[in-house]
Amino acid sequence: MLGEVEFRGDDVAPADRFDYWREQVLGSFVPMDILSDHVADFAATQRILDLGDVRLRTTEHSPMTVRRTAHLIRRSDPGIYHLSFVAGGHEKVDHLGREAVYGVGDLALVDTSRPQHVELGTGESGGQARGTGVYVPRELMPLPAKSVEKLINRPMSGREGVGALLVQFLTQVVRDSGSYRPADGPRLGTVALDLIAMLFAHALEAEDTLAPEARRRSLLLRIKGFIQHRLPDPDLTPAAVAAAHHISLSYLYRLFEDEEATVAAWIRRQRLERARRDLADAALRSTPVHAIATRWGFPRAADFTRAFRTTYGMPPTTYRNEACQSAE
């Protein structure tokens with residue numbers, strides 16, 4: 001699994017939770033001071049995943065105020081961009097002389113080498129503030145620092161387009177962290193960096209400023225995201241994918257040359273994997289096999305059965321029976 005550090009407030013006595021959390025954050029690689037009106041009942045959890053040069057963090061916590069002061073910057077200045085996604089609650093950020101408010105679905109960029117004041121609160125329904133953050137060394141960003149500065153403390157959307165693709169990727173990495181090997185961490189970090197660069201370039205309307213290899217990887221990731229969202233469409237073919245991205249079919253094939261499968265094989269495998277998961281889901285036991293096949297882009301039951309048997313070594317009905325029996 002990926003390298004991971006986890007903090008759970010429930011592991012600490014209630015009276016000590018806020019002080020312990022504050023010490024954890026002050027002693028982190030980007031030290032910050034914390035204030036809160038909820039010291040007596042403070043709650044917090046945090047996970048930090050090691051993705052090589054990139055770090056991924058998820059948090060859930062009571063309302064609090066976070067400050068990165070000039071003193072703390074002198075104490076530790078790793079030169080990092082911090083891009084955060086608001087998953088629950090809201091953020092009010094005072095940074096670089098700008099004030100901005102972020103709600104659920106927004107992406108916020110700050111420069112940890114500059115002072116900042118951030119108020120993190122819950123929504124109207126209460127609960128905890130929730131978020132996901134990515135820490136990227138500035139020198140790894142393939143865009144000019146002056147260009148990136150234009151995006152600092154200016155809301156970007158994580159609900160659509162490249163922002164949504166980035167959020168989906170980070171969410172999947174967090175959810176499936178136990179299924180990766182440590183060696184996968186740097187590779188996942190590279191993917192995250194490419195998506196962030198593409199998000200910034202898109203926001204700046206400057207995709208041409210990306211290096212050719214970064215543009216190629218970004219386009220491939222965009223294509224894969226497009227495919228995954230359209231797997232149910234039986235007309236999703238390599239030609240349709242190429243047309244949707246305004247590239248030639250031959251260039252699409254070249255993009256997949258370094259992948260483990262051709263584009264057609266990758267589409268088929270993604271469809272089969274989604275169908276396999278549905279077949280193993282006891283809650284879908286009453287759904288006919290052919291309906292699941294159709295749901296994932298196989299309109300002909302015979303084609304689905306043949307492809308499933310070839311990939312998994314048994315017919316889909318047999319697989320469903322064995323998977324459901326194992327779950328009982």
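Rings of Phe, Tyr and Trp (for Trp, the six-membered ring) count as a pair if their centres lie within 6.5 Å; planes under 30 degrees apart are stacked, over 60 edge-to-face, and the rest tilted. The model is predicted, so local features need pLDDT of at least 70 and side-chain atom pairs 80 or more, while totals for chains, interfaces and linings use all residues. Residues are numbered from 1 along each chain as its sequence is written, and side-chain values use heavy atoms, without hydrogens and water.

Select Phe-7, Phe-18, Tyr-20, Trp-21 and Phe-42: they form one aromatic cluster. By the pairing rule there are eleven aromatic pairs. One of them is Phe-18 with Phe-42, edge-to-face at 5.1 Å centre to centre and 80° between the planes. Phe-18 is in helix α1 (residues 17–26) and Phe-42 in the loop between β2 (33–35) and β3 (44–51), 24 residues apart; helices (H or I, at least four residues) and strands (E, at least two) are DSSP runs numbered from the N terminus. Both Phe-18 and Phe-42 are buried, meaning under 20% relative accessible area with a 1.4 Å probe and protein chains only.

Next, select Phe-308 and Tyr-319, an edge-to-face pair with 5.6 Å between centres and 65° between planes. Phe-308 and Tyr-319 are both buried.

Now go to His-245, in the loop between α7 (238–244) and α8 (249–255). His-245 is buried, at 14% relative accessible area. Leaving out residues up to four places away in sequence, His-245 touches Leu-219, Arg-222, Ile-223 and Phe-226 (contact: heavy atoms within 4.5 Å). The C-alpha atoms of His-245 and Phe-226 are 9.4 Å apart.

Note on methods
Buried < 20%, exposed > 50% of the residue type's maximum accessible area, 1.4 Å probe, protein only.
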